[in-house]
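Q: Can you walk me through this one? I'd like the folds and the contact between chains.

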Amino acid sequence: MKRGLRYDFGLQALMLIPVGVSLNVVGYQLCTILKLPVFIDQIGTYLVAMVAGPWVGVMTGFLGNVVNGMLNPVAIPYGLVSMSIGLFAGFFSRFKFFNHLIGIIVACGILTIVSAGTAAVVTVFMFGGITGAGTDLVTAAFLAAGRQLWDSVFSTNIITGTINTILNFAISYLVVKRIPPRFLVKLNYGVPYISKEVLKHG
Amino acid sequence: MANPIDKWYPSTKLMIVLTVIIVSMFSTIPLVQYVLFGFAILLSLCSGKIGRFLNTFFKSIFVIVLFIFLVQVFIVKNDDSQPIWWFIGYSQIGLDTSIGLASRIVAISSIIIWFFQVTSVKDIVAALEKARIPKKVTFVISATIQLVPQMTKLSQTITDAQRARGIETEGSVLVRMKAFIPMMGPLVLTSIQQTDERVLTLEARGFSAPIRKTAYYSMKKTALDYMIVIACLLGLIAYFVGGPL
Amino acid sequence: MSIIELKNVTYQYPLDSEAIIKEIDLSIENGKVYGLIGNNQAGKTTLCNIMRGFIPEMFLGELTGTVMYKEKAIQQYNIGALAAEIGYSSQNPFTQISGVKDTVEEEIAYGMENIGISPEIMEQKVQELIELFKLEELKEKNPFELSGGQKQRVALASIVALDPEVVILDEPTSQLDPQSTEEIFEIIAMLKKQGKTIIVVEHKVDLLAEYCDEIVLLEDGRIVKNGSAHQVLSDPDILEHGGALPQVSLFYLKHLKQNTSVPITMAEAIRKLMGGVSQ
């Protein structure tokens, strides 16, 4: 199967983008009901990045934030975070990191740093460190303890980021493994997720 | 009850948004931001959308602005912080920073909110098609906007079905989280299956046909559109020539 | 002239251990209505996908044998451009909606947009089709909000809009009430009058007996019966192979114990009786 920027956007993959965005929205809605500083709004981005690759993952992340941005423009700059998650998760999937436990741990670690980092960059530059969500309390706590702004925001994001990454990734990974093989076979990056016994028959 | 502003061409309205954003980014005095905010409110009034505008605005931006004030003014330690109580201190620099930040955010966000309230996605897509944006891009946008409400409905249906089977879905945080994952599985599976079948439907409607697409619904630019765009450009030129405020 | 020709076609889905379509030879002649019958795992939908060219391109897997459309290998046609030649409608009404347009009107026009029909002609055709398929009250509604049967009618209208030469319909009336079902078959008859070739997968053999020229019975991936509607639908043997008989034929075969010149529709039976009486 050919891969890469030019080949990843077949109709099958294109159709996954709306699915990914909708999954993100469903997750986001649960978050708002729960009112915790935990965000499971990237399940769609992870899922699509895993089976359709980095570039489709980037589009999913970006579009998700634009859709949210229609009601809350603050979400738009955070598109950078979703896009970087889509990009990295897609490449990890391509290089088969998710097939074994060590790869998963390494990937999640890097994804946490990437998402926390980009989130911190956006937060500090656009909003002076404030996001308007529950995480601000954590940030405020760090600030009150005497840390500088950059530091506090980054630390906040690392802590919540770790939880977020693990949750989002775990849910999407579990779901991907459950996708029937006949669909995975058609996706550019889906084959690694089919269990070995099924592949033997073909 | 169609408002004339709804009929303005999307790129015209976009031009207004860009003008506001550029002016906002280059301004340093908060007064300009207040004026821009007032401008957005005025536009919303003329568009007949003031109610929805304020509703969306308060739900989204207000909270951030409030937090920015509280944190910058009382918590961030600047050089001139005067401690009031425990870790809470008052800082004039904080106040100025927060006013500067918050006012800019308000100005930019409010014009963006206005834009999405007066421009339907259908119009945006029609304008993109006219601008020869590739079919795949406009397709993804249209499909996404249509699919999101369908998925939310589907997730609700699945949750209802699970409740009927005895799984607890309302209540404490833990209960909700536990109900979430069994809902995700069927949701994704059903969606992927439908997506798979829909790919065939789309090809059955000629999606990949290597032919220049035509449009059943299209918009036209009127003289008014051109005038507004020119007015924006002139405004920008005047702003920069007169010296950015 | 056969417009679609399958020669020794065998197909196996990826990851399947067995072929689902086995050594099929089928010749679809121009201008006739074909009924495709058989029980549920027989491979009818797969066969439809093969004839439309969706298999193997969109399903991967192994296809051996040749599939010709208008005497050219079907793989040589662009899969989207083929929509203007071969119309295709599948079973699930929900997934028949493109999901890109938010009114029924636009949904019907969508296919025409893709093949570059001018807006003026599109407007006209959309109006015609809305009348033909009785969709006037629904034309401004979002296709997702329609009932299963309504969705099916919209989907059918959308493919007829492309004016294809061949129309493949996979269980087009599964969600429709008897009245709407009759209406769909009347449209099929109308399409036949326009010279189109139609392939319908259906379980309602009574209607197939009325409207089809030829019947193909599929069992376990192979064609077990292929002949004129009259031949096949009066042959009691088809009951052993997953086929069903129209009520009239069943009546003649089982109750009247008659084996020859069995009528397959009510109208035919009545004519026979009247003919008998006048003698």
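What follows is a short chat about this model.

Q: Before we start, what kind of model is it, and how are things numbered?
A: It is a predicted model: local features need pLDDT of at least 70, side-chain atom pairs count only at pLDDT 80 or more, and totals for chains, interfaces and linings use all residues. Residues are numbered from 1 along each chain as its sequence is written, while chains are lettered from A and ligands numbered from 1 in the order in which they are written.

Q: Chain A: how many helices and strands?
A: Nine helices and zero strands. Helices (H or I, at least four residues) and strands (E, at least two) are DSSP runs, numbered from the N terminus.

Q: What share of chain A is buried?
A: Of its 202 residues, 56% count as buried. Buried means that 20 or more other C-beta atoms lie within 10 Å of the residue's own, with C-beta atoms placed from the backbone.

Q: Switching to chain C. What is the strand order in its sheet?
A: The order is β2-β1-β4-β5, an open sheet of four strands with antiparallel pairing. Two strands pair if DSSP finds at least two bridges between them.

Q: Which strands are at the edges?
A: β2 (21-29) and β5 (72-73) of chain C, each pairing on one side only.

Q: And how many bridges join β1 and β4 of chain C?
A: Seven, between residues 2-12 and residues 62-69, in the antiparallel sense. Leu6(C) stands opposite Val67(C) there.

Q: Which strands does helix α1 of chain C touch?
A: α1 (residues 44-52) packs on the sheet and touches β1, β2 and β4 of chain C. Its direction makes about 125 degrees with that of β1(C). Axes are lines fitted to C-alpha atoms, for helices over the stretch in contact, and angles run from 0 to 180 degrees between N-to-C directions.

Q: Is α1(C) mostly covered or mostly open?
A: Mostly covered: eight of its nine residues are buried. Among them are Leu47(C), Ile50(C) and Met51(C). Just after the helix, Gly53(C) takes a positive phi of about 90 degrees.

Technical notes: A residue is buried if 20 or more other C-beta atoms lie within 10 Å of its own, exposed if 12 or fewer, and partly exposed in between; C-beta atoms are placed from the backbone. Two residues are in contact if their C-beta atoms, placed from the backbone, lie within 7 Å.
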